[in-house]
Amino acid sequence: MIRKINRIFQNFMREKRLKIGKYIWDRKEKKNYIKDDNFILDNNIKSILFLRHDGKIGDMVVNTLMFREIKKYYPFIKIGVVTKGGAVDIIKNNPYVDKIYNYKKNRRKIRELACELRDNKYDLLVDFSEMLRVNEMMLINLAKAKFNIGLDRESWQLFDLSINSGIDFEWEDHITDRYKAYLKKLGFLNNISTAYDVFFNRVDKYDNIFTNIKDEKILVLNPYGASKHKSFSTETLNEIIKFLAKIDIKVILIYYGDKYKELEALKEKNQNIYIPKYISSIEDSIYLISKANYVISPDTSIVHIASALNKKIVAVYPPKGGRFGVDHLVWAPKSINARIIFCKDRIEQYDEIDINTFDFEEMKKEILKMVED
């Protein structure tokens, strides 16, 4: 009950803060631009800055389609990306990204970053935020890009172009359709590929695992989602692993941070699992996924990585989510090799979902279909 009350209060206060922030930062000297078929060529765009300051790994994987498509047609354009955390690993080897800027959630650091961006004189800044927070308003204002484009920003002075829901895309459309809408607004009208890119280096420290497994089928099992409510419990993991043992599938468990100790106890009960002792980055996980035949995950970032690598996937999603209750559609795997099962929905608006409430019999059926295909 206390958590519910706190969430309601925080939502109320956020609305007040955003109104004040918009009043302060929603200002920009408008530049005249040519409203023709090709915004990039008509307005001499030579550099584009993408804001992915949330550092969300899955979002960045999807964003890679935009970097590639822009460079494919306009290799002269300089592409910069503002991001943080694990999302950096998604693009640090990407040949279509020229510059990565590290975002830190600190008012002084944001001002310093804005000054650096301003000095680099970007022609176009691209923001994807559904809800623009005050720090991001400040960053966009102070970065002083020639043109700014954002989502549903027709009423903002800070933005020159707007991608409009209900016109350029629908909220229930897959996220790739939304990103295509950005590209179309800039003049990309035909032959837009929505495939994702992940570029990674070989990780030699895992060679012993694959030497031991040799020619056997390998499944990467990711237990963790964005919160504990979206992560598999130890009991769920045990059930999945034991079923995979019955069909002769070897399992590699991936994790982040200090979660190794939490998973280590599973070794005592299961002979078909491998838990790498040192997974230090998302790049390590990408490499492990690249060596597998199958992936099971409750987390969309790993699902998107597996989609980029064209792996067979069983994903567990909440049935609804987000502001419009369509996250299960928007963030579905972009892969013909993916299967989705759903956990039970929340009962009340401010309840937490529990990803472990999926039907395990359905999970077993989907695993068998995945393996047999």
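In this predicted model, helix 9 passes helix 15 in a right-handed crossing. Helix 9 spans residues 234-246 and helix 15 spans residues 360-372; the two pack at an angle of about 40 degrees, with their axes 11 Å apart. If you zoom in on the crossing, you will find Glu239, Ile240, Phe243 and Leu244 of helix 9 meeting Phe360, Met363, Lys364, Ile367 and Leu368 of helix 15. Sorted by class, this contact has seven nonpolar, no polar and two charged residues.

Met363 also leads us to the largest nonpolar core. Of the 101 residues in that core, Met363 is among those that touch the most other members, together with Phe50, Leu221, Ile252, Leu253 and Ile305. Helix 3 (residues 57-73) gives the most to this core, with eight residues. A second, separate core has 23 residues, including Leu125, Met138, Ala143 and Phe159. In soluble globular proteins, nonpolar side chains tend to be buried together.

Now for the charged pairs, with 24 salt bridges in the count. Asp197 and Arg68 form one of them, at 3.0 Å from N to O. Asp197 sits in the loop between helix 7 and helix 8, while Arg68 belongs to helix 3, so the pair ties together parts 129 residues apart in sequence. Are these two partners buried or exposed? Asp197 is buried, with a relative accessible area of 13%, and Arg68 is buried too, at 10%.

Arg202 makes a salt bridge with Asp204, the closest N and O atoms being 2.7 Å apart, and another with Asp207, at 3.0 Å. Here Asp204 is exposed at 51%, Arg202 is exposed at 54%, and Asp207 is partly exposed at 27%. Elsewhere, shared partners join Arg68, Glu69, Lys72 and Asp197 into one salt-bridge network.

Technical notes: Residues are numbered from 1 along each chain as its sequence is written. This is a predicted model: local features need pLDDT of at least 70, side-chain atom pairs count only at pLDDT 80 or more; totals for chains, interfaces and linings use all residues. Side-chain values use heavy atoms; hydrogens and water are left out. A nonpolar core is a set of buried Ala, Val, Leu, Ile, Met, Phe, Trp, Tyr and Cys residues joined through side-chain atoms within 4.5 Å. Buried means under 20% relative accessible area, exposed over 50%, partly exposed in between (1.4 Å probe, protein chains only). Helices (H or I, at least four residues) and strands (E, at least two) are DSSP runs, numbered from the N terminus. Axes are lines fitted to C-alpha atoms, for helices over the stretch in contact, and angles run from 0 to 180 degrees between N-to-C directions. A crossing is left-handed if the near helix is turned anticlockwise from the far one by less than a right angle, and right-handed if clockwise. Contact means heavy atoms within 4.5 Å. Ala, Val, Leu, Ile, Met, Phe, Trp, Tyr, Cys and Pro count as nonpolar, Asp, Glu, Lys and Arg as charged, and the others, Gly among them, as polar. A salt bridge is a side-chain nitrogen of Lys or Arg within 4 Å of a carboxyl oxygen of Asp or Glu.
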